[in-house]
Amino acid sequence: MRTTWLNLLLTAALVLFTGSASAGETRARQILDRFEHANQWRDHVMVAAHRAGSMQARKTLYAENSIAAVEASIALGAEIVEVDVRRSKDGEFVVMHDSWLDRTTNCKGEVVKRTLAELKTCRLVIEGTGAVTDEPVSTLREMLVATKDRILINIDNKLDVDSLAGMIAVARDLGMAEQVIVKENLWNPARITTVKAAIGAIGSGFQFMPIIADDAVRDAGFAEKVSGAFSPRAVEMINWRAGAEALTDTGGPLFSPRMRAAAIRGDWHIWANTYAIVNKPGGFLAGGRGDELAVLASLPRETYGFWAERGATIIQTDEPKAAIDWLAANGYRVPYSDEVRPAEPANTASIN
C-alpha cells in the first residue's frame with residue numbers, strides 16, 4: 001500500500017525537477033509527461049479504457065469505440081482510450097473493432113465493402129441491451145478531434161503494419177501525433193526487423209508500443225532486444241490463460257523481477273491487460289486475474305493490486321471506473337494538477 005505522505009513527497013520532488021503544470025498546459029500534455037517518463041512515475045498506475053471504455057460494473061453503458069464512451073472515460077480520469085481502426089471501401093480510416101458491422105451497429109455486412117458515406121448511415125448499438133444510439137460510425141479523424149489535448153489515444157491497428165503510416169498522417173495533420181500510441185505484436189527477431197522498418201519509414205513524433213505475449217516470449221531478454229530496437233515508452237505484455245488453469249501466482253514469465261529491472265533500465269512502462277475476451281475464460285489475457293475477478297468476485301486487490309505490485313504502471317481494462325476507484329483509494333494514483341486528492345479509506349485492510 002503506497003501511503004499518501006510518500007506520494008506527497010514524491011510529487012514535491014518531481015515538481016523541483018520538472019516544474020509544476022502550467023496554467024496553459026493541457027490534460028494530454030500532463031498525461032504524456034507521465035507516459036514518457038516512466039521512472040519518475042512508478043508510484044502511479046495509468047488506466048487505459050479498452051474500446052474507449054464502454055462498460056461499468058459489467059454492464060455496457062455506451063457503444064464500444066464511440067465518442068460517447070470516450071467522453072465518459074475522460075470524465076472518469078482515464079489517461080488513455082484504446083480504439084480499433086479499419087478501412088472503408090473508399091479507403092477512409094474508420095473506428096470499428098469487428099470486420100463485420102452486425103454486432104456493433106444497426107447495419108449488416110463487411111466494413112470494407114461499404115463506402116464512408118454508407119457507413120455514416122449506420123448507428124452504433126449498445127451491446128447487451130441492443131439500444132440503437134444516435135452516434136454514427138466515426139472516422140479516425142473525428143475520433144482524434146474528440147480526444148485532442150484531452151487524453152492519449154491508443155490505436156489498435158486491424159489492418160497491415162504499413163497502414164500505420166496513413167493513421168499517423170491523419171494525426172500529424174491535426175497537430176496531435178504525440179498523443180497517439182500505435183502498437184504491433186513482436187515475437188522473434190525477424191518480426192522486430194519488419195516492424196522496425198515500417199516504423200522507421202514513418203518518422204518520429206508519435207508513440208510506438210511493442211506487444212509481447214508469453215506464448216512466444218518466455219523471458220525478459222527478448223524485451224531488452226525490443227527496447228534497444230525501438231526505445232519505447234511502454235511495452236504491452238500478455239499472460240495467456242487456458243480454460244482450466246488456476247489464477248497465476250507470479251504473473252508468468254513476463255512479469256518477472258528481471259523484466260521490472262529491464263523496464264527501469266529502459267525507462268518504459270509495463271502495460272498489463274485485464275479486459276475480457278468474448279467466449280474465452282475470465283482473465284484470458286491476465287492469467288485469470290482480469291476484470292471479472294475484480295468486479296464479479298469483488299476482488300479488485302487480486303486484479304489491479306496484483307498487477308501493480310508486479311510492476312505494471314499501465315492497466316488496460318473494460319472497467320476504468322472500478323480500476324481508477326480502487327487504485328486511487330489504495331495509493332496507486334498520484335493526482336494531476338487539476339484533480340483533488342482522494343481521501344484515504346478509513347480501513348484500508350477491509351478493501352479487497
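Q: How many helices and strands does the protein chain come to?
A: The secondary structure comes to 12 helices and 13 strands. Keep in mind that this is a predicted model.

Q: OK. What share of the residues in the chain is buried?
A: Buried residues make up 54% of the 352 residues in the protein chain.

Q: Among contacts between residues at least 6 apart in sequence, what share join residues at least 24 apart?
A: That share is 70% in this chain.

Q: Let's pick a helix. Which residues of α6 are buried?
A: Helix α6 covers residues 164-173, and its buried residues are L164, M167, I168, V170 and A171.

Q: Where do those sit on the helix?
A: Seen down the axis of α6, the buried residues fall within an arc of 150°, so they line one face of the helix.

Q: Why would residues a few places apart point the same way?
A: An α-helix has 3.6 residues a turn, so residues three or four places apart point the same way.

Q: What covers the buried residues of α6?
A: The cover includes the strands β4 (80-87), β5 (93-95), β8 (152-157) and β9 (180-185). Helices α5 (140-147) and α7 (189-202) are also part of that cover.

Q: What comes just after α6?
A: Just after α6 there's G175, which takes a positive phi of about 70°.

Q: How about α3, which of its residues are buried?
A: In α3 the buried residues are A69, V70, A72, S73 and I74.

Q: New topic: where is Y62?
A: Y62 is in the loop between β3 (59-60) and α3 (67-76).

Q: Is Y62 buried or partly exposed?
A: Y62 is partly exposed, with a relative accessible area of 30%.

Q: What does Y62 touch?
A: Leaving out residues up to four places away in sequence, Y62 touches G53, S54, A68, A69, A72 and I126. Take A72: Y62 and A72 are 10 residues apart in sequence, and their C-alpha atoms are 8.7 Å apart. A72 is also one of the buried residues of α3.

Q: Which residues does A48 touch?
A: Not counting residues up to four places away in sequence, they are I80, W271, I314, I315, Q316 and T317.

Q: How many residues apart in sequence are A48 and I314?
A: They're 266 residues apart in sequence, but 7.0 Å apart in space, C-alpha to C-alpha.

Q: And A286, is that buried or exposed?
A: A286 is buried, with a relative accessible area of 1%. A286 lies in the loop between β12 and α10 (291-295).

Q: What is A286 in contact with?
A: Setting aside neighbours within four places in sequence, A286 is in contact with N239, T248, N273, T274 and W307. As for G252, A286 is 34 residues from it in sequence and 9.2 Å from it in space, C-alpha to C-alpha.

Q: Last topic: how many cavities of 30 Å³ or more does a search find?
A: A search of the whole structure finds 2 cavities of that kind.

Q: What lines the second largest cavity?
A: The lining is E64, N65, V95, M96, H97, T104 and L124. Those residues divide into 3 nonpolar, 3 polar and 1 charged.

How values were computed. Residues are numbered from 1 along each chain as its sequence is written. This is a predicted model: local features need pLDDT of at least 70, side-chain atom pairs count only at pLDDT 80 or more; totals for chains, interfaces and linings use all residues. Side-chain values use heavy atoms; hydrogens and water are left out. Buried means under 20% relative accessible area, exposed over 50%, partly exposed in between (1.4 Å probe, protein chains only). Helices (H or I, at least four residues) and strands (E, at least two) are DSSP runs, numbered from the N terminus. The arc is that of the directions from the helix axis to the C-beta atoms. Contact means heavy atoms within 4.5 Å. On a 1 Å grid over the protein atoms alone, a cavity is a set of points where a 1.4 Å probe fits but cannot get out, and a pocket is an open set with protein on both sides within 12 Å along at least five of seven lines; lining residues have an atom within 4 Å of a point. Grid points are joined across faces, edges and corners, and a volume is the space filled by probe spheres set on the points. Ala, Val, Leu, Ile, Met, Phe, Trp, Tyr, Cys and Pro count as nonpolar, Asp, Glu, Lys and Arg as charged, and the others, Gly among them, as polar.
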